[in-house]
Amino acid sequence: MKARLLGAAKPVALAAGMVIAAVAAHAACPIQLAVYGEAKSGAEIDFAPTGTSATITNTFRMILDNNTVLDGIAMWTEGDAGRPHGSLMYKCPTGDVTGEELAACTVWEGVIYSADEKGSVGLLPAEGADAPKSLVFPDLGPSLQMSAAYGPGGFSKMPWDVFALKGCQE
């Protein structure tokens, strides 16, 4: 009887171990591999490794409905009050661009905040740090609604400012 109970316990222990491992893997996702989602519009943010940039601390893209893709970056400002200044761009020219050209294709700019499951607010971490539970892009919706990315030929579902961690890329 005891042997039968111990034999039955092995699959349960194995399943519990797999759940714990999955939770640990989810919790240990580095920001550069994180995937976030916004429930109302279905918008998604996929982070990617930045590479060797001396100024860009985070690289990501925001995917909206109708396959509208916004390219995003974050650069930390300097000084004691440094902040991750984020920018989302739509159909920017490539190569050597002027400040005017960059300004014309930028559809949102601002500080990117993070929040944990307790509601504590922080700042977007640089690459190598664990991905926070959620990200906040202040005034994202109103900025995007006034952009060239919205409307005919672009996206139609307006995202809210808060994106929750959905998973981690391989």
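User: How many salt bridges does a search of the whole structure find?

Analyst: In this predicted model, a search of the whole structure finds 2 salt bridges. One of them joins Lys166 to Glu44, and Arg61 forms a salt bridge with Asp46.

User: Why is the pair of Lys166 and Glu44 called a salt bridge?

Analyst: The name asks for a side-chain nitrogen of Lys or Arg within 4 Å of a carboxyl oxygen of Asp or Glu. In this pair the closest N and O atoms are 2.6 Å apart, and because that value lies within 4 Å, Lys166 and Glu44 form a salt bridge. Side chains of opposite charge can pair when their charged atoms come close.

User: What makes Lys166 and Glu44 a link between distant parts of the chain?

Analyst: Lys166 belongs to strand β10, residues 162-168, while Glu44 belongs to strand β2, residues 44-48, and the two are 122 residues apart.

User: How do you know that Arg61 and Asp46 form a salt bridge?

Analyst: The closest N and O atoms of Arg61 and Asp46 are 3.6 Å apart, and since the cut-off is within 4 Å, the pair therefore counts as a salt bridge. This pair, too, links distant parts of the chain, with Arg61 in strand β3 (residues 58-64) and Asp46 in strand β2, 15 residues apart.

User: Why is Asp46 called buried, whereas Arg61 is called partly exposed?

Analyst: Buried means under 20% relative accessible area, exposed means over 50%, and partly exposed lies in between. Asp46 has a relative accessibility of 13%, so Asp46 counts as buried.

User: What makes Ser134 buried, and which residues is Ser134 in contact with?

Analyst: Ser134, which lies in strand β9 (residues 134-136), has 12% relative accessibility, and because this is under 20%, Ser134 counts as buried. Leaving aside neighbours within four places in sequence, the contacts of Ser134 include Tyr36, Tyr113, Val162 and Phe163.

User: Why are β5 and β6 said to pair?

Analyst: Two strands pair if there are at least two bridges between them, and 5 bridges join β5 (residues 84-89) to β6, so the two strands pair, running antiparallel. In β6, Val111 is the bridge partner of His85.

Definitions and conventions: Residues are numbered from 1 along each chain as its sequence is written. This is a predicted model: local features need pLDDT of at least 70, side-chain atom pairs count only at pLDDT 80 or more; totals for chains, interfaces and linings use all residues. Side-chain values use heavy atoms; hydrogens and water are left out. Helices (H or I, at least four residues) and strands (E, at least two) are DSSP runs, numbered from the N terminus. Buried means under 20% relative accessible area, exposed over 50%, partly exposed in between (1.4 Å probe, protein chains only). Contact means heavy atoms within 4.5 Å.
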